[in-house]
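Trainee: Can we go through this one together? I'd like to take it a piece at a time.

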Amino acid sequence: MWKLKRKVVCSALLASGLLTSSMMTSAEQTSSISSQSNLSIENCHVDGIKEQIKCGTLTVPENYQLPAGQQIDLHFTVLPAIDNSNNKIPLMFLAGGPGQAATELAAMLRNRFYEVRKTHDIILVDQRGTGQSSQLKCDDEAFTAQSVYESLTFDFEVSEVQDCIADFTQDLSQYNSENAIRDFDAVRGALGHDKINVYGGSYGTRAALIYMRMFPESLNSVVLDSVAPLDMRIGLFGQSGARSYELLLSNCQAEESCQKAFPNLDQDYQKVFAELVAKPVELSIPHPRLGTATKLIIDADKFVSTIQQQLYSLTGRSMMPLVINQAAQGNFMPFVGVLAQADEKQPRGSVYTNLLMNIACNEDFPLIAEQDWQADASNQFARNISHRGVRLVCPLWPKYRPEASFYEPVNSDIPTLILSGNLDPVTPPENGERADQMLANSRHIVAEHLSHIVAVNDCGVGLVAKFIDELDLEGLDASCLAELPAETFMTSLNGNT
Amino acid sequence: MSAGFSQLKALVIKEFKEAFRDKRAMMVAFSMSLLAPVMIMVMSKTMIKEMVDKPPVYAEFVGAEYAPKLVKDLADENILPLAEAEESDLRIWQERGITITIPETYGQDMIEGKIINVVLNADYSDKPSLAPIRRIKDVVRDHARAIGYKRLIMRGVDVRILQPLNLVEQDRAQPSSNAMMISIMLGLYLLMGAFMSGLSIAIDSSAGERERNVLEMLLCQPVSTTKIVLAKLSCSASISILSIILMLVVTSISIGFVDLSKIGATFSIDLYMFVALLGLLIPICILAAALQLFFSFQAKSFKEAQSTVTMLIMLPAFVPFILMFIDDRPMWLDWLPVAGQSIIMEDLFKGLTINWSAFAFTSVTTVALSAVLVMTLAQKLKSEKVVMALS
């Protein structure tokens with residue numbers, strides 16, 4: 001049950017970083033491989049990719065201060081460049097979350113990062129604590145007991161969290177952002193690359209910034225997509241969520257059919273919110289997958305965090321006005337259809353919440369003061385709902401603390417392309433702006449009509465590919481992003497013209 | 001011994017001189033090696049263009065205003081209204097006359113969830129229209145499917161129930177083996193090149209010489225018939241080998257002009273492949289020359305030689321075609337001339353390790369077969385019946 005709750009907690013907390021894409025190609029550097037006894041690499045198949053790619057394991061110390069101590073196996077894959085006759089400096093993909101396992105995104109990246117993969121290998125490493133790299137596991141039998149339809153975000157016991165934490169066999173203090181970067185750079189070295197390009201999305205941008213500080217000589221170029229700078233606190237997403245929601249409202253008003261269908265969208269939302277706060281809704285519905293009679297409970301937390309999650313993507317956003325409007329009329333079935341997408345234990349590419357908690361509770365939570373929480377909660381969308389999860393769990397979580405220098409802004413002159421989506425509910429363009437001002441050799445491009453992660457779009461990926469090929473920030477032509485059409489919305493249960 | 005060798009040398013020089021004197025025969029010999037790479041390049045470019053690039057398609061829209069989202073999806077795939085066509089393209093697209101008709105009731109029917117008939121009117125037998133038609137169908141299907149998914153979500157259905165099975169495909173081929181189209185074409189052209197390039201030279205130096213009465217003169221000289229045949233064989237075979245080398249060189253250059261990465265493929269001829277291919281093809285060139293000489297000496301006239309040899313020679317060139325259609329290849333095929341080389345070439349293009357014993361064995365059988373042909377022919381040339389074409 002705790003596991004399920006964690007899921008809901010986390011979507012309330014973070015709406016799960018970068019869920020968009022990871023694909024990677026592996027450049028096989030056979031010469032360097034045989035000499036390393038702690039590295040193994042072989043041909044393999046992964047879900048969703050027909051052809052063989054390279055999978056590997058690199059053994060590293062759990063604690064880099066104690067090289068002879070406990071060892072962990074890092075799992076990585078390499079999507080080889082299509083044009084193997086033209087091997088260029090590979091691209092390492094840093095996943096989001098924190099807590100996404102990069103290798104689970106291989107199939108998605110293979111399709112989406114096509115332009116990059118033409119000439120560059122893509123390297124994907126499961127961050128320690130996720131996927132197949134010493135995953136932070138706890139007993140999750142209770143998970144199957146309850147469905148996403150019945151369970152509520154906060155009906156879990158403190159003891160459940162404590163039981164889960166007690167299950168970990170690892171030294172949690174070693175599962176931090178800086179050690180993750182040490183791991184990534186170790187994989188780079190083991191594969192025999194002097195330099196790599198790095199693409200970070202969402203939390204991956206923070207990882208990339210730390211990489212720039214710790215191992216600048218390893219980096220040829222950096223792409224920061226939807227930036228989470230080091231001065232941003234994971235957990236404070238009230239204001240950015242509200243901003244994204246308000247853009248949804250104004251974009252709906254700007255579209256004639258949406259304006260006509262939902263003239264009072266915000267009132268609809270506030271009405272549902274107030275009603276759910278007063279009294280959660282309890283219904284009997286046909287199970288979205290099984291078709292059998294099922295109990296459904298919706299409270300304000302569940303309603304808001306599900307909608308907030310949808311603000312990450314244009315498809316999700318296109319359905320939200322209708323979902324809100326129908327809920328205001330008492331029809332929660334559209335909401336259930338959206339909720340059903342979360343009815344999976346650990347969907348491929350989703351966030352491993354234990355690592356998310358371990359990092360957010362130690363690297364971010366201690367720095368957030370009470371007035372920060374309050375300032376973030378003063379908004380007309382999620383209020384303080386996105387805070388509740390972390391504020392409940394973090395006090396229970398085992399502690400490690402990074403050095404003060406960890407939080408200092410990163411200074412670097414490595415060529416850096418910064419991308420932001422204007423509609424983004426967690427990493428708004430101002431984050432990119434701040435990062436741009438700190439970095440000496442960077443350019444910030446805002447995609448007016450995209451949400452979280454710009455490289456979900458062909459044009460965005462094209463920019464990334466061109467940038468790492470030519471490293472010409474000024475010459476980069478971003479006009480295709482400006483030409484993307486404004487978002488459109490579904491205005492009836494059957495769709496519209 | 002040295003006298004024997006100088007005789008052979010003189011004969012070989014004579015054959016080459018004659019071969020090069022016939023400019024048209026030389027043109028035929030080398031046309032294949034130049035044309036094949038160009039054809040491979042042009043075909044790949046066209047295919048990639050159709051598969052990946054999205055050249056604009058212009059269709060006449062009737063009722064576009066009723067379905068702006070569908071029209072936008074079409075435009076995203078570069079399927080545009082006829083009015084937007086460039087002056088130069090306009091006439092072609094008017095003639096193709098692809099029309100998409102959207103009913104006036106589109107909006108209302110959509111909201112009511114009724115089935116909407118979008119009419120695609122085109123000449124389906126017009127081949128250049130097929131790719132545009134396919135693209136229009138794809139967009140309309142995807143657009144409709146996206147709406148269908150959302151309709152289910154809005155009714156509280158888990159859309160994953162629409163996908164009861166997910167086929168996980170795993171291809172064990174080496175990652176480098178993906179330029180199949182080009183490997184197949186190049187393999188075929190190389191085999192045909194080996195067989196065809198020396199053809200007219202072989203015919204001319206056998207049946208042709210007989211018609212010009214040169215053969216009689218030659219046989220009157222105190223040289224062995226084996227030497228005469230060997231000289232003719234080395235001339236014709238060297239021309240084929242030259243032609244193959246040229247084809248490989250031109251192909252490796254011309255393929256650079258095709259962006260194969262667009263279809264996720266890569267192809268290049270490196271030194272290893274170049275040498276291995278040549279090693280496979282040289283015995284075939286020798287065998288081809290031997291076969292051609294053998295059969296054209298049997299023919300009564302130049303013209304008859306031409307038709308017989310062309311016919312007979314096409315047979316071995318079809319071996320790779322036939323191999324493609326045999327599902328369960330018996331092992332012994334690996335060891336046969338032509339079939340063996342063809343199979344090893346396939347492995348080579350797929351990036352698999354070469355079975356060197358099969359490589360050696362087919363080469364030996366191929367050369368041995370050629371030797372048998374040469375010896376038989378030398379024997380036959382001692383008979384007047386063959387020389388005078390009396391049989």
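**Chains and helices**

Trainee: How much area do chain B and chain A bury between them?
Mentor: About 3,200 Å², and 56% of it is on carbon and sulfur atoms. Buried area is the accessible area (1.4 Å probe) that two parts lose on being put together, summed over both.
Trainee: What should I know about the model before going on?
Mentor: It is a predicted model, where local features need pLDDT of at least 70 and side-chain atom pairs count only at pLDDT 80 or more, while totals for chains, interfaces and linings use all residues. Residues are numbered from 1 along each chain as its sequence is written, chains are lettered from A and ligands numbered from 1 in the order written, and side-chain values use heavy atoms, without hydrogens and water.
Trainee: New topic. Which residues of chain B does UniProt list as "transmembrane region"?
Mentor: The unreviewed entry lists 25–44, 179–203, 237–259, 271–295, 307–326 and 356–378. UniProt positions are in the numbering used here, feature names are shortened, and annotations may be inferred rather than shown by experiment.
Trainee: What is the chain doing over 271–295?
Mentor: Residues 271–295 of chain B are 100% helix and 0% strand, with the end C-alpha atoms 36 Å apart. Residues 237–259 of chain B are 78% helix and 0% strand, and their end C-alpha atoms lie 35 Å apart. Helices (H or I, at least four residues) and strands (E, at least two) are DSSP runs, numbered from the N terminus.
Trainee: How do H10(B) and H11(B) pack?
Mentor: H10 (residues 225–254) and H11 (residues 271–298) of chain B pack at about 140°, with axes 8 Å apart. Axes are lines fitted to C-alpha atoms, for helices over the stretch in contact, and angles run from 0 to 180 degrees between N-to-C directions. The two helices are therefore oblique to each other. Under 35 degrees counts as roughly parallel, over 145 as roughly antiparallel, 65 to 115 as roughly perpendicular, and the rest as oblique.
Trainee: What sort of residues make that contact of H10(B) with H11(B)?
Mentor: Among them are B:Ile241 and B:Leu248 in H10(B), and B:Leu278 and B:Cys285 in H11(B). The contact has 19 nonpolar, three polar and one charged. Ala, Val, Leu, Ile, Met, Phe, Trp, Tyr, Cys and Pro count as nonpolar, Asp, Glu, Lys and Arg as charged, and the others, Gly among them, as polar.
Trainee: And H10(B) with H15(B), what angle is that?
Mentor: About 130°, with the axes 8 Å apart; H15 of chain B is residues 356–380. That makes H10(B) oblique to H15(B). From H10(B) the contact uses B:Thr225, B:Thr226, B:Val229, B:Leu230 and B:Leu233, and from H15(B) B:Val374, B:Leu377 and B:Ala378. Six of the residues are nonpolar, two polar and none charged.
Trainee: Over to chain A. Which peptide bond is cis?
Mentor: The one from A:Gly97 to A:Pro98, with omega near 0°. A:Pro98 is in the loop between strand E4 (91–94) and helix H3 (106–112) of chain A.
Trainee: What is phi of A:Ile453?
Mentor: Near 75°, which is positive in a residue other than glycine. Most residues other than glycine have a negative phi. A:Ile453 lies in the loop between strand E11 (442–447) and helix H18 (458–470) of chain A.

Definitions and conventions. Contact = heavy atoms within 4.5 Å.
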